[in-house]
Amino acid sequence: MREIDVKLITDTIEKLCIEANCRLPGDIKEALENFRREEDWPIACGILDNITENCHIADEENVPVCQDCGMACVFLEIGQDVHFTGGDLTEACNEGVRRGYGNGYLRKSVVADPVRRGNTGDNTPAMITMEIVPGDEVKITVGPKGFGSENMSRIAMLKPSAGIEGIKDFIVETVETAGPNPCPPMVVGVGIGGTFDKCALAAKKALMRPVNVRNSDPYYAELEVELLDRINRLGIGPQGFGGRTTAIGLNIETLPTHIAGMPCAVNISCHVTRHKSEVI
């Protein structure tokens, strides 16, 4: 049994909140550069150049890459041989977000009640997902999620009779309906299977996977490539001004499901698909 003081969780999450907001992952930057080389619509080229310049400025000046610093989604993969000491784990996570958004001068966008609103003032509470895994380490991933793109996400409780074509149509229709609203080029996270709640979580987790890493199942890897190509033929383009670059990545995660169902969730993200991980 390995003991970990929750203070280490707090300190790590504080750091990850700042780093994730100020520096895009390398796979996203690489994808933007690759799609820029393939783009031939002048307006789209100009927008992609501006996006790349914005990323460089954020890197050099250690400032947020986007004014929407998102709601902090915290994923904990906890080794079953870990014992936490020194306090409450959930509060330790929230304290990390509280410090990160305060010390990093990041915009606080969380309201205490969905209807009556009221900003909490420190971007807490975080949306925390905990998973027990083998081992004695803890992997922490922070993925700040902006809501211009989150609002464009959808879930469908499809029947098995809809088949793979029904899944494809729902995914493409979701992106087409989103149009310019999520600040394309987008990253599209897809969850298929599970239950209503687990399907949506799978779609969120799909956004945490690098866009240059395909699904380990060749069937779904091929589907990712097919759907990305189909989406980029919609012509929405960067910021909705047309072009070949509507999405720079599409990741699919799947789960076993009930014989009577075929849930499909699409979690839309903008080109600022932020996530940062550390193992302690």
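A word on surface first: accessible areas here come from the Shrake-Rupley method with a 1.4 Å probe, and for residues only the protein chains shown count as cover. On that basis the chain exposes about 13100 Å², with carbon and sulfur atoms supplying 54% of it.

Before going further, this is a predicted model, so local features need pLDDT of at least 70, side-chain atom pairs count only at pLDDT 80 or more, and totals for chains, interfaces and linings use all residues. Residues are numbered from 1 along each chain as its sequence is written, and side-chain values use heavy atoms, leaving out hydrogens and water.

Overall build, then. The chain has eight helices and ten strands; these are DSSP runs numbered from the N terminus, H or I of at least four residues for helices, E of at least two for strands. Along its principal axes the C-alpha trace spans about 55 × 50 × 40 Å. The radius of gyration, taken over C-alpha atoms, is compared with a globule rule of 2.2 Å times the number of residues to the power 0.38. For 280 residues that rule puts a compact globule near 19 Å, and the chain has 19 Å, so the two agree.

How much of the chain is buried? Buried residues are 49% of the 280, where buried means under 20% relative accessible area, exposed over 50%, and partly exposed in between (1.4 Å probe, protein chains only). For contacts, meaning heavy atoms within 4.5 Å, take the pairs at least 6 apart in sequence: 82% of them join residues at least 24 apart.

Now the inside. A nonpolar core here is a set of buried Ala, Val, Leu, Ile, Met, Phe, Trp, Tyr and Cys residues joined through side-chain atoms within 4.5 Å. The largest one has 44 residues, and Ile171, Val188, Val190, Ile231, Leu250, Ile252 and Cys264 touch the most other members. Helix H6, residues 163–178, gives this core its largest share, six residues. There's also a second, separate core of 24 residues, with Val97, Leu106, Ala126 and Val142 among them.

Zoom in on Ile252. Ignoring neighbours within four places in sequence, Ile252 contacts Val190, Ile192, Arg209, Asn215, Tyr220, Leu223, Glu224 and Leu227.

Back on H6, have a look at Lys168, which lies in that helix. Is Lys168 buried or exposed? Its relative accessible area is 9%, so Lys168 is buried. Not counting residues up to four places away in sequence, Lys168 touches Leu223, Glu226, Leu227 and Arg230.

Most residues other than glycine have a negative phi, and most peptide bonds are trans. Which peptide bonds are cis here? One runs from Thr124 to Pro125, with omega near 5°, and Pro125 sits in the loop between helix H4 (89–103) and strand E4 (127–133). Another runs from Pro184 to Pro185, with omega near 15°, and Pro185 is in the loop between H6 and strand E7 (186–194).

Cys183 lies in the loop between H6 and E7 too, and its phi is positive, near 55°. At 34% relative accessibility, Cys183 counts as partly exposed. Gln239 also has a positive phi, near 60°, in the loop between helix H8 (218–232) and strand E8 (247–257). Gln239 is partly exposed, at 28% relative accessibility.
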